[in-house]
Amino acid sequence: MTGASPALGSQTERIARLTELCTPWVGGEAQREYDVGVDTCRVCGGDGRIANSFGGGSKTCPACHGNGRRVEEALIRDVTKTKPSHYGTPAKAAAPVKATWPTTHDGTTLANEVKASALSEDTKARLVREIIEYEGSHGKCTQTFSKKVRKQLR
Ligand SMILES: [Zn+2]
C-alpha cells in the first residue's frame with residue numbers, strides 16, 4: 001500500500017507546519033522569564049509570601065501583596081512622603097460625608113416643604129440643617145419638631 005491519500009498527506013503536513021509555526025508562540029517563556037527577572041519582588045524573592053516569624057507558615061508579602069512582582073512601592077511611598085496632601089485626600093473622602101439632605105421620610109418631606117417655601121435661601125439652609133441635625137440626634141423627625149419647623153415656613 002503505497003498509495004496514501006495525497007490529500008491526507010498534505011493535511012498532515014500542513015498541521016505539522018502549523019505546529020512548527022505555533023511553537024515559538026507557545027514557547028515564549030524567554031520573554032516571561034525576562035519579565036519576572038526584572039520585576040521579582042525583592043522582599044519575598046518572587047514567591048509572594050514571606051515566612052512568619054512565629055513559624056506558623058507564611059503570610060502574604062506586604063511589598064508585592066502576594067503577586068511576587070516588584071511593585072514600585074518605594075516610589076509611591078516617596079510621593080506620599082513629599083506630598084502629604086496627595087495621601088490625605090482619599091482619607092478625607094473616606095470619612096463620613098457630611099449630610100446635606102435629610103435621610104428619613106419625614107425629614108425629607110419637611111426639607112422639601114422648607115425648600116418650596118418663600119423663605120430666604122439662608123433660612124432654608126438653616127432649617128434643612130436643623131432637620132438633619134435633629135434626625136441625627138433623634139433618629140427621626142417627631143411631629144412636634146415638624147410642627148415647629150412648619151411654623152417657621154409661614
Ligand atoms: Zn513580595
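## Contacts of alanine 111

Apart from neighbours within four places in sequence, alanine 111 is in contact with Trp101, Pro102, Val128 and Ile131. The model is a predicted one.

Tryptophan 101 counts as exposed because 12 other C-beta atoms lie within 10 Å, and the cut-off for an exposed residue is 12 or fewer. A separation of 7.8 Å is found between the C-alpha atoms of tryptophan 101 and arginine 129, which are 28 residues apart along the chain.

## Packing of H5 against H6

The axes of H5 and H6 are 9 Å apart, and the two helices pack at an angle of about 170 degrees. H5 is therefore roughly antiparallel to H6, since angles over 145 degrees fall in that class.

On the H5 side, the contact is made by Gly107, Leu110, Ala111, Val114 and Lys115, which meet Lys124, Leu127, Val128, Ile131 and Glu135 in H6. By type, the residues of the contact of H5 with H6 comprise 6 nonpolar, 1 polar and 3 charged.

## Packing of H5 against H7

Helix H5 (residues 105-116) also packs with helix H7 (residues 143-153): their axes come within 10 Å and cross at roughly 10 degrees. H5 is therefore roughly parallel to H7, as angles under 35 degrees are classed in this way.

In this contact, Asp106, Leu110, Glu113 and Val114 in H5 meet Ser146, Val149, Arg150 and Leu153 in H7. The residues of the contact of H5 with H7 divide into 4 nonpolar, 1 polar and 3 charged.

Glutamate 113 belongs to helix H5 and is partly exposed, with 15 other C-beta atoms within 10 Å. Leaving aside neighbours within four places in sequence, glutamate 113 is in contact with Arg150 and Leu153.

## The largest nonpolar core

In soluble globular proteins, nonpolar side chains tend to be buried together. Here, the largest nonpolar core consists of 10 residues: Leu110, Ala111, Val114, Leu127, Val128, Ile131, Ile132, Tyr134, Cys141 and Val149. H5 and helix H6 (121-138) are the elements that give two or more residues to this core. H6 supplies the largest share, with 5 residues.

Technical notes. Residues are numbered from 1 along each chain as its sequence is written. This is a predicted model: local features need pLDDT of at least 70, side-chain atom pairs count only at pLDDT 80 or more; totals for chains, interfaces and linings use all residues. Axes are lines fitted to C-alpha atoms, for helices over the stretch in contact, and angles run from 0 to 180 degrees between N-to-C directions. Helices (H or I, at least four residues) and strands (E, at least two) are DSSP runs, numbered from the N terminus. Angles under 35 degrees count as roughly parallel, over 145 as roughly antiparallel, 65 to 115 as roughly perpendicular and the rest as oblique. Two residues are in contact if their C-beta atoms, placed from the backbone, lie within 7 Å. Ala, Val, Leu, Ile, Met, Phe, Trp, Tyr, Cys and Pro count as nonpolar, Asp, Glu, Lys and Arg as charged, and the others, Gly among them, as polar. A nonpolar core is a set of buried Ala, Val, Leu, Ile, Met, Phe, Trp, Tyr and Cys residues joined through C-beta atoms within 7 Å. A residue is buried if 20 or more other C-beta atoms lie within 10 Å of its own, exposed if 12 or fewer, and partly exposed in between; C-beta atoms are placed from the backbone.
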